[in-house]
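Subject: Structure handover

Hello,

The structure is below, followed by notes on what turned up in it. Please read them side by side.

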Amino acid sequence: MEITKGLIAIAAAIAVFTGFSTGFGEGKVGAQAVESVGRNPEAIDKIRTIMILGDAISETCAIYGLLISIILIFVFA
């Protein structure tokens with residue numbers, strides 16, 4: 001039974017790892033948005049809308065990873 005708890009902990013850690021990739025992706029989106037505004041300041045409203053939408057969609061990946069890890073730890077362990 002101890003190996004099962006260890007494997008569940010490893011699986012939860014892998015599920016939480018999605019937060020790192022999400023943070024990297026959101027940083028990349030922000031950097032590209034700032035660069036785009038620097039090139040075309042008139043399009044700031046469109047760029048901001050698309051950036052916020054992209055960040056919201058990528059954030060759901062991190063939330064799902066956190067939810068899966070919580071379920072693994074508290075339900076199965």
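First, a definition: a residue is buried under 20% relative accessible area, exposed over 50% and partly exposed in between, with a 1.4 Å probe and protein chains only. By that scale Leu 53 is exposed, as its relative accessible area is 53%.

This is a predicted model, in which local features need pLDDT of at least 70 and side-chain atom pairs count only at pLDDT 80 or more, while totals for chains, interfaces and linings use all residues. Residues are numbered from 1 along each chain as its sequence is written, and side-chain values use heavy atoms, with hydrogens and water left out.

**Helix α3**

Helices are DSSP runs of H or I with at least four residues, and strands are runs of E with at least two, numbered from the N terminus. Helix α3 covers residues 44–76. It has 33 residues and reaches 47 Å from its first C-alpha to its last. That is close to the 48 Å expected at 1.5 Å a residue. The expected span is 1.5 Å times one less than the number of residues.

Which residues of α3 are buried? They are Ile 47, Ala 62, Gly 65, Ser 69 and Leu 72. Their cover includes α1 (2–16) and α2.

Take Ser 69, which sits in α3. Its relative accessible area is 3%, so Ser 69 is buried. Contact means heavy atoms within 4.5 Å. Not counting residues up to four places away in sequence, Ser 69 touches Ala 12, Ala 15 and Val 16.

Met 51 is also a residue of α3. Met 51 is partly exposed, at 24% relative accessible area. Leaving aside neighbours within four places in sequence, Met 51 is in contact with Val 29, Gly 30 and Ala 33. Met 51 and Ala 33 are 18 residues apart in sequence, and their C-alpha atoms are 6.7 Å apart in space.

Leu 53 and Glu 42 are 11 residues apart in sequence and 19 Å apart in space, C-alpha to C-alpha.

**Nonpolar patch**

Patches are made of residues with over 30% relative accessible area and no salt bridge; like charges are joined within 9 Å, and nonpolar side chains (Val, Leu, Ile, Met, Phe, Trp, Tyr) within 5 Å. Areas come from the Shrake-Rupley method with a 1.4 Å probe, and for residues only the protein chains shown count as cover.

One nonpolar surface patch has an area of about 1000 Å². Its members are Val 16, Tyr 64, Leu 66, Leu 67, Ile 70, Ile 71, Ile 73, Phe 74, Val 75 and Phe 76. The largest share, 9 residues, comes from α3. Leu 66 is in that helix. Leu 66 is partly exposed, with a relative accessible area of 47%.

**Salt bridges**

How many salt bridges does the structure hold? There are 2. The criterion is a side-chain nitrogen of Lys or Arg within 4 Å of a carboxyl oxygen of Asp or Glu.

- Arg 39 pairs with Glu 35, and the closest N and O atoms are 2.7 Å apart. The two are 4 residues apart in helix α2 (residues 18–39), so about one helical turn separates them. Arg 39 is exposed at 67% relative accessible area, whereas Glu 35 is partly exposed at 36%.
- Asp 45 pairs with Arg 48, and the closest N and O atoms are 3.5 Å apart. Both lie in α3, 3 residues apart, about one turn of the helix. Arg 48 is partly exposed at 40% relative accessibility.

**Aromatic pair**

Rings of Phe, Tyr and Trp (its six-membered ring) pair if their centres lie within 6.5 Å; planes under 30 degrees apart are stacked, over 60 edge-to-face and the rest tilted. The ring centres of Phe 17 and Phe 20 are 5.5 Å apart with planes at 55°, so the pair is tilted. Both Phe 17 and Phe 20 are exposed.

**Two more distances**

Glu 2 is in α1 and is exposed, at 63% relative accessible area. Glu 2 and Ala 43 are 41 residues apart in sequence and 57 Å apart in space, C-alpha to C-alpha.

Lys 28 is in α2 and is partly exposed, at 47% relative accessible area. Lys 28 and Ile 8 are 20 residues apart in sequence and 31 Å apart in space, C-alpha to C-alpha.

Best regards
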